[in-house]
Each structure stands twice: as structure tokens, then as C-alpha cells.
Amino acid sequence: MDNTLDSLYWRYAVKKFDPEKVLSETKLDKLKNAFNLTATSYGLQPIRLLVVRDKRLQESLVSHSYEQRQVAEASHLLVICVELNIDTAYIEGYFKKVRRVRGTAPEILQPYRDALVDSFAKKTPEEIYTWAVHQAYLALGNLLTVCAMERIDSCPMEGFIPEAYDRILKLKDQGLTAVLALPVGYRSEDDAFSAYKKVRRELRDSIITIVEEQKK
């Protein structure tokens with residue numbers, strides 16, 4: 001089996017982290033870069049990553065995470081957030097960056113810029129939030145894969161109270177709201193779940209393939 005699939009078989013949703021084992025800065029930097037390199041719709045990156053390495057703060061979030069101890073025991077708690085203000089100014093900021101990084105002429109970018117501004121102006125705040133949340137899930141998938149490749153343990157979590165996270169982590173002050181949590185670190189030796197076999201569909205029941213018919 002190649003290294004990629006071997007890593008994905010190795011990965012599981014950790015139920016118990018070893019609180020004494022801490023991610024190196026090198027490993028953490030890889031996760032930060034992986035997050036930043038995630039593909040997002042239109043390239044707008046309406047997502048931010050909050051990295052928490054504060055045991056007191058992590059412990060305070062357990063009661064708002066349905067008592068899931070992984071939040072406190074993990075080396076770091078990653079919180080994926082979405083931007084609350086995706087407006088014309090935000091979109092214009094993206095195109096300014098494109099011009100700066102790529103040197104693209106404004107007249108080439110203008111039609112695309114105008115189309116995006118018009119499209120988002122017609123969306124409701126709820127529609128924009130839903131769109132942004134979809135981008136957060138793209139980032140989560142990317143982080144889970146990189147964690148597996150780097151032999152970093154993780155546990156993806158939707159089970160927490162976003163309003164409480166927003167308040168405790170002061171996210172609204174930064175124009176953000178919490179969407180997903182990802183405790184990362186290293187599994188405890190006595191986490192029984194690490195030995196469980198994966199339960200997945202047979203490949204033939206999971207994949208649908210359409211093949212062009214051969215011409216006679």
C-alpha cells in the first residue's frame with residue numbers, strides 16, 4: 001500500500017489525546033500552511049484559523065463542547081472560523097492582492113471583479129454564511145489529510161456551541177464566528193479506539209464510474 005493510503009488508514013477520530021505530547025513548531029507550521037493553501041471558491045478565502053495553545057482556555061471550552069475532553073487534552077486546538085463581512089470592500093481587497101502578486105492589469109480583472117461584486121450583492125447574509133461554511137469544510141478536509149500524512153492525530157468536531165466559542169475566544173471582535181473545531185496532537189496509548197478497524201462501504205458501493213462506450 002502506498003504511503004498516502006497507509007496514512008489515511010492510520011488516521012481516526014482520536015477520543016483520548018496524550019496531554020504530555022506537544023506538536024513541534026515545524027509540524028504546526030505545516031498545518032498552518034496547509035490551511036492557507038486550501039482551495040476556496042473564487043479564491044476569496046472567507047475563512048480564518050485560530051490556533052489555541054493555552055490549557056486554561058482549552059479547559060474552559062470543554063463545557064461548551066459537550067464535555068469532549070479532546071479539546072483540553074490535545075496539544076493544540078484549531079478553530080476554523082468564517083468571516084462575517086464578505087462585502088464589496090472584502091472582494092476588492094482580494095483583487096488588489098491579485099494585482100500585487102501577479103501584476104495583472106486592472107482592465108483584465110475588472111469584468112470578473114464586477115461580476116463577483118454583483119453576485120454577492122444579490123445574496124442574503126444567510127446565503128453568504130452558508131457559502132463561507134462550505135469553504136470551512138474544504139479546509140477541514142485538507143487539514144485532516146495533512147495531519148494523517150504527518151502522523152499528527154486529530155479529531156474533527158462539529159459538536160460545540162459556536163456562540164460560546166465566539167464569546168470566550170472574542171471572535172466577533174475580529175469579525176469572525178466559529179464553525180469547526182479540530183483538536184490536534186498525539187493519541188494516548190490507552191485510547192481503545194486506535195485499535196478499531198475502519199468501518200467503510202465496500203469500494204464498489206461507494207464509487208460510481210461512468211465510462212464512454214467504445215465505438216464499434
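Where is Tyr66 found? I looked it up and placed Tyr66 in the loop between helix 3 (55–62) and helix 4 (70–73). I take helices (H or I, at least four residues) and strands (E, at least two) as DSSP runs, numbered from the N terminus.

**Ground rules**

I am working on a predicted model, where local features need pLDDT of at least 70, side-chain atom pairs count only at pLDDT 80 or more, and totals for chains, interfaces and linings use all residues. Residues are numbered from 1 along each chain as its sequence is written, and side-chain values use heavy atoms, with hydrogens and water left out.

I checked the accessibility of Tyr66. Tyr66 is exposed, at a relative accessible area of 55%. My cut-offs are under 20% relative accessible area for buried, over 50% for exposed, and partly exposed in between (1.4 Å probe, protein chains only). Not counting residues up to four places away in sequence, Tyr66 touches Gly159, Phe160 and Ile161. Contact here means heavy atoms within 4.5 Å. I also took a C-alpha distance: Tyr66 and Val146, 80 residues apart along the chain, are separated by 27 Å.

Next came the backbone. Most residues other than glycine have a negative phi. Tyr66 is not a glycine, yet has a positive phi of about 55 degrees. Tyr42 is not a glycine either, and has a positive phi of about 65 degrees. I found Tyr42 in the loop between helix 2 (25–36) and strand 1. Tyr42 has a relative accessible area of 35%, so I log it as partly exposed.

**Strand 2**

Is strand 2 mostly covered or mostly open? I noted that 8 of the 8 residues in strand 2 (residues 76–83) are buried, so the strand is mostly covered. Both faces are covered. One side carries His76, Leu78, Ile80 and Val82, the other Leu77, Val79, Cys81 and Glu83, all buried.

I then followed the pairing, which requires that DSSP finds at least two bridges between two strands. Strand 1 (residues 47–52) runs antiparallel to strand 2, joined by 6 bridges. Val51 has Leu78 of strand 2 as its bridge partner. Strand 4 (residues 176–185) also pairs with strand 2 in the antiparallel sense, over 8 bridges. There, His76 stands opposite Val184.

**Arg113**

I located Arg113 in helix 6 (residues 106–121). Arg113 is buried, with a relative accessible area of 18%. Leaving aside neighbours within four places in sequence, Arg113 is in contact with Thr88, Glu92 and Phe95. Phe95 is itself buried, at 1% relative accessibility.

**Rings**

I paired rings of Phe, Tyr and Trp (its six-membered ring) when their centres lie within 6.5 Å; planes under 30 degrees apart count as stacked, over 60 as edge-to-face and the rest as tilted. The count comes to 7 aromatic pairs. Tyr94 and Phe95 form an edge-to-face pair, 5.2 Å centre to centre with 75 degrees between the planes. Phe193 and Tyr196 have ring centres 4.9 Å apart and planes at 50 degrees, so that pair is tilted. Phe193 is partly exposed at 38% relative accessible area, while Tyr196 is exposed at 53%. Tyr42 turned up again: with Phe120 and Trp131 it forms one aromatic cluster.

Last, I looked for charges over rings (NZ of Lys or CZ of Arg within 6 Å of the ring centre and within 35 degrees of the ring normal). The charged end of Lys15 sits over the ring of Phe193, 4.9 Å from its centre. Lys123 lies over the face of Phe120, at 5.6 Å from the ring centre.
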